[in-house]
Number of protein chains: 2
Amino acid sequence: MVGHQAVEAALERRRDPVNQGLAEAVPAVIPGRLQGATQHLLEAGGKRLRPTMLLLSAEALAELDFETASYRQMPAVDGDTVDVLSAGVSIEFVQTFTLVHDDLIDNDDVRRGAPSVHREYDTSMAILAGDVLYARAFEVLLQTGASPERALRAVGRLASACTEICEGQSVDIAFEHHQSATVEEYLDMIDRKTAVLFATSACLPAILLGHDDAVEPLAEYGRDVGRAFQIHDDLLDLTTPTETLGKQRGSDLIEGKQTLVTTHAREQGVDIDGLLDGATAGSVSNEEIDRAVETLAEAGSLEFARDRARKFVENGKRHLDVLPDGEPRRLLAGTADYLVEREY
Amino acid sequence: MVGHQAVEAALERRRDPVNQGLAEAVPAVIPGRLQGATQHLLEAGGKRLRPTMLLLSAEALAELDFETASYRQMPAVDGDTVDVLSAGVSIEFVQTFTLVHDDLIDNDDVRRGAPSVHREYDTSMAILAGDVLYARAFEVLLQTGASPERALRAVGRLASACTEICEGQSVDIAFEHHQSATVEEYLDMIDRKTAVLFATSACLPAILLGHDDAVEPLAEYGRDVGRAFQIHDDLLDLTTPTETLGKQRGSDLIEGKQTLVTTHAREQGVDIDGLLDGATAGSVSNEEIDRAVETLAEAGSLEFARDRARKFVENGKRHLDVLPDGEPRRLLAGTADYLVEREY
């Protein structure tokens with residue numbers, strides 16, 4: 001069992017190589033404004049959870065750790081070396097591209113404490129910055145030096161993940177217009193919108209390094225962790241103070257977004273649409289949100305969501321049995337726990 | 001020498017397999033509205049120039065023609081067969097994705113005689129439809145059955161083409177704000193925005209079928225044809241009647257878009273910004289546009305652009321020497337001629 005401090009330290013120390021990889025992978029030749037728009041969100045920071053999960057997965061498979069691993073030259077099963085950092089960069093490019101386009105779609109003004117790309121620049125630059133990160137994600141993934149068979153499989157996995165993410169985002173938008181998603185429909189949506197990229201992050205090193213038997217178990221681990229991550233994110237929106245959250249607490253309720261909490265509560269007969277009827281982010285009081293959250297708690301919906309998140313984490317961790325025992329595997333398990341227990 | 005009628009007939013008869021390939025490659029599982037948004041522009045028609053160029057290139061390399069070729073099973077140099085139709089579909093998906101996003105960026109209401117995707121649906125669906133076509137382009141390109149080495153090279157070529165297209169579009173947007181592009185800057189912009197996808201279309205079959213020596217010559221052919229195509233498109237905007245064009249003649253001038261004609265004229269001292277000062281698409285008269293076009297003609301700019309387009313075509317055709325003689329090669333040469341002589 002690895003404590004949260006150890007997990008946070010592990011995430012923290014892997015952020016530097018990831019950030020360096022990101023900086024090296026954004027070509028300086030892009031015309032001026034697009035260059036800035038492309039780098040804007042990347043430079044605004046972020047936890048780099050997905051590439052870090054990818055690096056930990058590679059460390060576990062190669063039986064190395066942060067001190068001994070060279071991410072640009074990780075040993076594959078056949079003696080070749082593979083640049084798994086490029087795969088991590090590719091994943092973060094995809095994640096960033098989806099955030100840039102999602103912020104535009106949702107008209108969100110702030111991301112990672114900075115203005116969103118379409119606010120800092122404009123709509124055109126946000127569309128193009130997303131598009132160029134998308135293309136770069138594939139270009140960078142082709143630079144790992146893995147064998148053609150493995151590289152091709154990795155590209156296929158990334159491409160189908162991208163298709164699924166778009167589909168998931170589309171379903172999420174549909175949910176905002178039709179307030180009738182069931183718990184199962186919601187879980188299917190986050191599988192595509194969120195979990196698939198975690199799954200891809202966790203399994204890409206197994207593909208690239210040639211550990212074929214570990215590919216699907218690691219994908220399952222990542223998928224379960226991604227599901228739990230999204231559910232926990234939705235819970236934090238209800239329970240974390242606005243100051244800590246960096247955005248209005250209860251914003252999902254105000255905006256009428258579906259979450260596991262609200263879909264469950266609706267199935268329990270709670271009038272979700274009436275909870276904060278007519279409230280806007282500017283006008284709603286802490287007390288109103290407290291009352292709404294209290295109603296959801298009384299319906300058992302917060303506990304239901306917490307329970308599902310914990311179950312996903314437990315299930316996900318079981319798939320780690322495929323990995324050799326050691327510090328990286330313990331950190332992957334610890335990361336899963338951490339993601340559903342973090343307070344922001 | 002192949003006449004225009006023969007070229008039009010060749011384009012026409014290859015449109016059916018392309019359209020069928022497109023229909024088969026859009027998965028029916030995408031959630032409802034996104035499915036419609038994704039298919040909207042694809043179903044609005046289009047000449048399918050790029051995939052047709054790709055099919056002709058494959059026919060030439062394999063020494064087959066429309067009657068004898070099976071596009072799903074084209075013979076590679078080593079005896080394998082390759083589904084080049086999937087590569088053509090991939091190219092058309094990329095082309096369609098860029099049109100969907102460009103229409104949103106340029107706020108264009110009509111495309112291929114139908115409402116643009118963001119008009120028929122909305123901004124969110126246009127962003128996501130573009131994004132999903134983007135991902136599908138890579139997924140489909142992985143389904144050709146080519147050897148991993150060749151498939152990987154093809155994917156790399158497509159990814160870097162996508163990056164270049166975004167860069168080119170970004171430069172084009174910058175040109176609309178700063179009216180000072182030189183002829184060389186303009187040509188560099190259309191290289192990236194337009195010509196690179198023609199280059200990719202022409203050379204992908206050489207990559208996939210293993211004709212390594214033909215890759216770069218065919219890319220050069222495609223690039224030159226793409227340049228000429230774009231320049232001719234800009235000329236048509238000035239010279240083709242509004243009714244034939246399907247949009248306001250002179251719209252590039254009205255919107256202050258840079259073209260080879262205007263960049264040349266500015267270098268000759270013509271006050272481009274004053275040509276149609278204050279005119280809007282609704283208010284401008286045919287006579288005003290005639291006078292503006294006359295000024296451009298007197299500066300030698302129309303002839304300059306026609307001449308450059310013709311030179312690109314002649315240069316491009318020379319690269320076809322790498323191909324075996326036969327009907328497909330003659331059609332590729334004829335297509336190049338046709339694209340700078342068509343009247344709409």
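Trainee: By what turn and what shift along the axis can chain B be laid on chain A?
Mentor: This is a predicted model, in which local features need pLDDT of at least 70 and side-chain atom pairs count only at pLDDT 80 or more, while totals for chains, interfaces and linings use all residues. Residues are numbered from 1 along each chain as its sequence is written, and chains are lettered from A, ligands numbered from 1, in the order in which they are written. When the copies are superposed by least squares on the C-alpha atoms of residues with pLDDT of at least 70 in both, chain B falls on chain A with an RMSD of 0.1 Å, by a turn of 180° and a shift of 0.0 Å along the axis.

Trainee: How are the two copies thus related, and which residue of chain B has the C-alpha nearest the axis?
Mentor: The copies are thus related as by a two-fold rotation axis. In chain B, the C-alpha that lies nearest that axis, 2.6 Å from it, belongs to B:P148.

Trainee: Which element gives the most to the side of chain B that touches chain A?
Mentor: Counting residues as in contact if their C-beta atoms, placed from the backbone, lie within 7 Å, the contact takes 35 residues from chain B and 35 residues from chain A. Helices are DSSP runs of H or I with at least four residues, strands runs of E with at least two, numbered from the N terminus, and those giving two or more residues on the chain B side are α2 (32-43), α4 (84-106), α6 (123-141) and α7 (148-177) of chain B. With 17 residues, the element that gives the most is α7(B).

Trainee: How are α1(A) and α4(A) placed to each other?
Mentor: Their axes, which are lines fitted to C-alpha atoms over the stretch in contact, with angles running from 0 to 180 degrees between N-to-C directions, come within 9 Å and cross at roughly 75°. Angles of 65 to 115 degrees count as roughly perpendicular, and α1(A) and α4(A) are therefore roughly perpendicular.

Trainee: What share of the residues in chain A is buried?
Mentor: The C-alpha atoms of chain A fill a box of roughly 60 × 45 × 30 Å along the principal axes. A residue is buried if 20 or more other C-beta atoms, placed from the backbone, lie within 10 Å of its own. Of the 344 residues in chain A, the buried ones make up 55%.

Methods:
Two residues are in contact if their C-beta atoms, placed from the backbone, lie within 7 Å. A residue is buried if 20 or more other C-beta atoms lie within 10 Å of its own, exposed if 12 or fewer, and partly exposed in between; C-beta atoms are placed from the backbone. Angles under 35 degrees count as roughly parallel, over 145 as roughly antiparallel, 65 to 115 as roughly perpendicular and the rest as oblique.
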